Amino acid sequence: MYIAQSVIGGVTWTGLPGVMRAQGLPLDHIGLVSLLVLPWALKFLWAPVIERFRLPDGGRDRSVAVVLIGAAVVDSTLLIVGGIGPFPVLPVLAVLMIAAFATATVDIACDGYAVEALRGTPYGWGNAAQVGGAYLGAAIGGGVFLILVDRVGWTAAVWAMALVIAVLCLPFTVVARARETALRPHQPSLKAALKRPEVRQGLLIASLYVVAQKTAMGMFGPYFIDAGYDLAQLGILSGVGSLMLGFFGAVLGGGAVRRFGARVVLVGAVALQSAILALVALSAGDTILPAAAVAPVAMVASSAVMAFGFVSLYGQFMNWSDPRQGGVDFTLFQCADASISMVAGTAAGFLAEYFGFGRFFALACAVSLAALPAIWRISAKKAPLHG
């Protein structure tokens, strides 16, 4: 399920910007794609409703129903987008916004199911599924998709992604049906979540971490194209790089958390990302370093660093979530991630367009470094776990 959700994300946030840049669209237009993060930023508003439907008092778990309905909506929108074509851009973004709402809703149920099912475990395999699945999905949606666009065209490529998503959703529908009927007197709500100190602490750390890690993420693809590469090369690099180094970063992050603790891993990931951004800034315009050499290295290294840090962050999210309303609590953390990503990504397009890649990536590096002391200080606080 995490792979399936990330396929549509890869198509939207990696594939579409690459196609748009290859067609000569300006960066400020490409930055509008970040608005598709809006459902992920707002899904906390309907998370309690979804959780109450998914976990009825005295009824059977309805996770499968939520997933099947959401998957049907997503595939329907992809069939429409495939027929429209990549342009005009606004109709495509409007239809993809519907897909984003459906995917975000499915994610509420999926995360809630995971928090409850993995209760009492170290969460290692669950976080590996989340982070590793996200990178595998991104490799398919942002890598394989771009290769297909280059080889067989937009329509066939989008429809192929719809088929992939449908197939990937099937195993969950089999596993989740095994859940038994249970009494659930607790009513999931935002109020119950926000009353807990561990949730408030998690929201602050999530916001700081995302600002440091994701501000420049959406501009790596356009920068790679401007460095002289084509869509097929972007697809191969983002696909293979995300798959191999993303998984490598996730595994390395899991081991590092066990050895050094979540605090060291979080700060270390931000420091590494800052170094990558500094290298890209120095390569802009081939002034100091060659952009053609730095761009591919930066893209794959950034994937590994993102995975390295997010394994730790997502493990903390699960620890801080109440299993009785895991979909609500975990969604709040993700919404902090998505809302900051949306604002930063939209602003990134305008900043890169009007100030140039060099100054933009230098600014992103400065922001990342500025967040380091706060992340180190706040993550040192020990939040009590829900009993």
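**View 1. Met-244 lies in helix α12 (residues 231-260).** Helices are DSSP runs (H or I, at least four residues), numbered from the N terminus. The model is predicted: local features need pLDDT of at least 70, side-chain atom pairs count only at pLDDT 80 or more, and totals for chains, interfaces and linings use all residues. Residues are numbered from 1 along each chain as its sequence is written, and side-chain values use heavy atoms, with hydrogens and water left out. Met-244 has a relative accessible area of 55% and is therefore exposed (over 50%, 1.4 Å probe, protein chains only). Together with Leu-245, Phe-248 and Leu-252, Met-244 forms a nonpolar surface patch of about 390 Å² accessible area (Shrake-Rupley method, 1.4 Å probe). Such a patch joins nonpolar side chains within 5 Å, from residues with over 30% relative accessible area and no salt bridge (Lys or Arg side-chain nitrogen within 4 Å of an Asp or Glu carboxyl oxygen).

**View 2. The second largest cavity has a volume of about 80 Å³.** In a cavity, on a 1 Å grid over the protein atoms alone, a 1.4 Å probe fits but cannot get out; lining residues have an atom within 4 Å of a point. Its lining includes Met-1, Gln-5, Val-74, Thr-103 and Cys-169. Helices α1 (2-22), α5 (63-84), α6 (89-117) and α8 (154-176) each supply at least two lining residues. Nine of the lining residues are nonpolar, three are polar and none is charged.

**View 3. The second largest pocket holds about 340 Å³ of space.** A pocket is an open set of points with protein on both sides within 12 Å along at least five of seven lines. Among its 14 lining residues, Met-1, Tyr-2, Cys-110, Ala-129 and Phe-172 are the closest to its centre.

Key: Grid points are joined across faces, edges and corners, and a volume is the space filled by probe spheres set on the points. Ala, Val, Leu, Ile, Met, Phe, Trp, Tyr, Cys and Pro count as nonpolar, Asp, Glu, Lys and Arg as charged, and the others, Gly among them, as polar. Patches are made of residues with over 30% relative accessible area and no salt bridge: like charges are joined within 9 Å, nonpolar side chains (Val, Leu, Ile, Met, Phe, Trp, Tyr) within 5 Å. Buried means under 20% relative accessible area, exposed over 50%, partly exposed in between (1.4 Å probe, protein chains only).
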